[in-house]
Amino acid sequence: MTAARPPERILAISLAGAGDTLLATPVLRELRTAFPTAAIDVLTMQGAVPREVLDGNPCVSTWLHFDFLREGRARSVAFCLSLRRRAYDLSLTLMPQNRIEYN
């Protein structure tokens, strides 16, 4: 049996808000430690404040922003399909929410 290859592209999803994004930064550090060569992208739904939280974080390769609530269903589906084309090996939701809008 061969060992599974480590992920090369990781998507961390933090839709809830700036505070939750800040609280999730230790997870990003652990991901970077576990997968030092992986590209780690972070998707947020809010704009300016999460960007400030993540700006300069050496664990983050790319910050992605998309406001699913404002963009509507059709554009949201199109954005999700664009994420799928990026071929992430691993994705995780950093702060799961029970609001239907985030699901």
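Student: In this predicted model, which residues does Cys59 touch, leaving out those up to four places away in sequence?
Tutor: Contact here means heavy atoms within 4.5 Å. With residues up to four places away in sequence set aside, the residues that Cys59 touches are Leu28, Arg29, Arg32 and Ile40.

Student: How many residues are in the largest nonpolar core, the one with Cys59?
Tutor: Cys59 sits in this core together with Leu28 and Ile40, and other members include Ile10, Ala12, Val42, Leu54 and Leu94. The elements giving two or more residues to the core are β1, α2 and β2. The number of residues in the largest nonpolar core is twelve.

Student: How many residues does the second core have?
Tutor: The second core is separate, and Leu15, Met45, Leu64 and Leu83 are among its members. Its residue count is eleven.

Student: What is the order of the strands in the sheet?
Tutor: The sheet is open, has four strands and shows parallel pairing. Neighbouring strands are turned against each other by 20 degrees on average, direction ignored. The order is β3-β2-β1-β4.

Student: Which residue in β2 stands opposite Ile13?
Tutor: Strand β1 covers residues 9-14 and strand β2 residues 39-44, and the two pair in the parallel sense over six bridges. In this pairing Ile10 stands opposite Ile40. The residue in β2 that stands opposite Ile13 is Leu43.

Student: How many of the six residues of β2 are buried?
Tutor: Buried means under 20% relative accessible area. By that cut-off β2 is mostly covered, and the number of its six residues that are buried is five.

Student: What angle does the direction of α2 make with that of β2?
Tutor: Helix α2 (residues 25-34) packs on the sheet, where it touches β1, β2 and β4. The direction of α2 makes an angle with that of β2 of about 160 degrees.

Student: What pattern does the protein follow when read along the sequence?
Tutor: The protein has four helices and four strands. Read along the sequence, they follow the pattern β-α-α-β-α-β-α-β.

Student: Why is the pair of Phe66 and Phe79 stacked?
Tutor: Planes under 30 degrees apart count as stacked. The ring centres of Phe66 and Phe79 are 4.3 Å apart and the planes are at 10 degrees, so the pair is stacked. Phe66 lies in the loop between β3 and α4 and Phe79 in helix α4, 13 residues apart. The value that decides the matter is the angle between the planes, 10 degrees.

Student: Is Phe66 buried or exposed?
Tutor: The cut-off for buried is under 20% relative accessible area. Because its relative accessibility is 12%, Phe66 counts as buried.

Student: Which residues form one aromatic cluster?
Tutor: Phe79 also pairs with Phe68, in an edge-to-face arrangement with 5.8 Å from centre to centre and 75 degrees between the planes. Both Phe68 and Phe79 are buried. The cluster consists of Phe66, Phe68 and Phe79.

Student: What is the phi of Ala87?
Tutor: Most residues other than glycine have a negative phi. Ala87 is found in the loop between α4 (68-85) and β4. Its phi is positive although the residue is not glycine, with a value near 55 degrees.

Student: What distance separates the C-alpha atoms of Arg9 and Ala87?
Tutor: Arg9 lies in strand β1, and is partly exposed at a relative accessible area of 26%. Leaving aside neighbours within four places in sequence, its contacts include Ala39, Asp41, Arg86 and Ala87. Arg9 and Ala87 are 78 residues apart along the chain, and their C-alpha atoms are separated by 7.4 Å.

Definitions and conventions: Residues numbered from 1 in each chain as written. Predicted model: local features only at pLDDT ≥ 70, side-chain atom pairs only at ≥ 80, totals over all residues. Heavy atoms only, no water. Pairing = 2+ DSSP bridges. Axes fitted to C-alpha atoms, helices over the stretch in contact; angles between N-to-C directions. Core = buried A, V, L, I, M, F, W, Y, C linked by side-chain atoms within 4.5 Å. Buried < 20%, exposed > 50% of the residue type's maximum accessible area, 1.4 Å probe, protein only. Phe/Tyr/Trp six-rings, centres within 6.5 Å; stacked < 30°, edge-to-face > 60°.
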